[in-house]
Amino acid sequence: MGKKSLSSSSQSWWWRGWRYLHPQHNLRSPQLLTLFIISFVALTWLLSGLESLSVEHQLENVKKNIRSWSIVEEEDDPLNVERRRAVKEAMIHAWTCYEMYAWGRDELQPQTRDGVDSFGGLGATLVDSLDTLYIMGLDEQFQRAREWVAKSLNFNKNYEASVFETTIRVIGGLLSAYDLSDDKVFLEKARDIADRLLPAWNTPSGIPYNIINLRYGDARNPRWTGGKSILADAGSEQLEFIALSQRTNDPKYQQKVEYVIEELHKTFPADGLLPIYIDPHTGITSYSKISFGAMGDSFYEYLLKAWIQGNKTESVTHYREMWETSMKGLKSLIRKTTPSSYAYICEKTGSSLSDKMDELACFAPGMLALGSTGYGPDEAEKFLSLAEEILQDMTVGTSWSILRPETVESLFYLWRLTGNKTYQEWGWNIFQAFEKNSRVDTGYSGLKDVSSGEKDNMMQSFFLAETLKYLYLLFSPPSFISLDEWVFNTEAHPLRIATRHANGETYSTIGQDRLQERFHGRKGRSGSN
């Protein structure tokens, strides 16, 4: 039998209803036509209103997620309050100039009042600054940046990106913004760019290539490295990719970066010091210099911080063990200046030492201080003393300044871990020097020559992401972005510490409930913090 037809009664009802909507019927009845048009317009308006309401509802949810992070100034040292306000004002100046002259571009060029895409047009300064804006309570600026990320941040670019720089700045910045605000738009964007970077790990050894095309996934190493991967570039993605796996419940990101550590651990030397070049085909290091500065630095930093990120459990003990081995090697590179007898860290090639400590190595005192807490009392005191000794005289042999954060970073850690206000004073002196020599009407400029004061034409994204953030935290209470609850990536993006267990499971992030409780009921951000 064929399909049943509509019953006569239901068919009659259907036809009676439809014919009143049919144009021919309405043309014969002007009153009904008018009613039809009015109803159609009203329905259109209603649907439009609902869509608008939905967007407003989404934005309202974002605003609710911006929790009250104001620091209760009545409970703080008035001098710290004053200095924190000054740093915040500097951030407002830098950000306002970026918005005015370089919105959505990678970096601001203050002298020519325009932007430049140093990182392929990924909005590097904007993404790098998200967590700084949030931490400083700059809600309106954060909202505008969030909208740009949601609507304009596009990674489908025919651009050969640095895997390392894209990881620490973009993935790190997005994940930090997510951890702070709980806004999933940041997590979704972080996953998008991470998926585009993953093919870089498709090498015979699992050691990643350092450059990848974001649209096509073609990966390679720079020609000037002779086809080798750089230690710091290949071994400094653990924090970001582990955090991404934890937040998305997708293990593939963590597996890629932890396999790198497994491979390096197989041939890890007794002194824990690795040359800066690694063959991605064999996983074996090549004859090259050993450095805690450029191209080596963050590898050692991430050994320590991956242990902290996992909440120092047994499942991440191997990171700590590798780091402690490397610190024995670091001590073999320590030499003293004359006549002041201050400590510095040499570079090494083969068995020869070079009396050079570049500006990137200025992060080392902070790393040593942070890592000292994992030793017994006597050994911890030795490492803390070594950190303080190196920090005493970190003079670098360059005549230029690009507003780097490494010295301020070390001051932040030393102050947090010792309570010695001398480090705050040193940080304030550095900030005042920036204000005097690098601030211009259109932002902040580096100096081509610190003696002459000649300025360059670049406001580096890390000035907002790192330098100003560490300065702000240097004058904030230690409980604010506590080191017991957060670990900073090498671009100063705080990520929540999450307990890891031997079975690979990750439990709730540390401090989530305490943070909510801590800020519950406090005054909203006054804008004067």
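**Ground rules.** I number residues from 1 along each chain as its sequence is written, and I keep in mind that side-chain values use heavy atoms, with hydrogens and water left out. Because the model is predicted, local features need pLDDT of at least 70 and side-chain atom pairs count only at pLDDT 80 or more, while totals for chains, interfaces and linings use all residues.

**Helix α18.** I took helices (H or I, at least four residues) and strands (E, at least two) as DSSP runs, numbered from the N terminus. Buried means under 20% relative accessible area, exposed over 50% and partly exposed in between, with a 1.4 Å probe and protein chains only; 14 of the 14 residues of α18 are buried, so the helix is largely enclosed by the rest of the structure.

**Lys469.** I then looked up Lys469, which lies in α18 and is buried, with a relative accessible area of 1%. Its side chain makes a polar contact with the side chain of Asp131 at 2.9 Å, where such a contact is a pair of N or O atoms within 3.5 Å; within protein, one must be able to donate a hydrogen and the other to accept it, and residues adjacent in sequence count only if both atoms are side-chain atoms.

**Glu314 and α13.** Glu314 sits in the loop between α12 (297-309) and α13 (317-331), and at 72% relative accessibility Glu314 counts as exposed. I found that Glu314 and His501 are 187 residues apart in sequence, yet 7.1 Å apart in space, C-alpha to C-alpha.

**The strands.** I traced an open sheet of three strands in the order β3-β4-β5, with antiparallel pairing, where two strands pair if DSSP finds at least two bridges between them. The edge strands, each pairing on one side only, are β3 (160-162) and β5 (219-220). Strand β4 (residues 211-213) pairs with β5 over two bridges, and Ile212 stands opposite Ala219 in β5.
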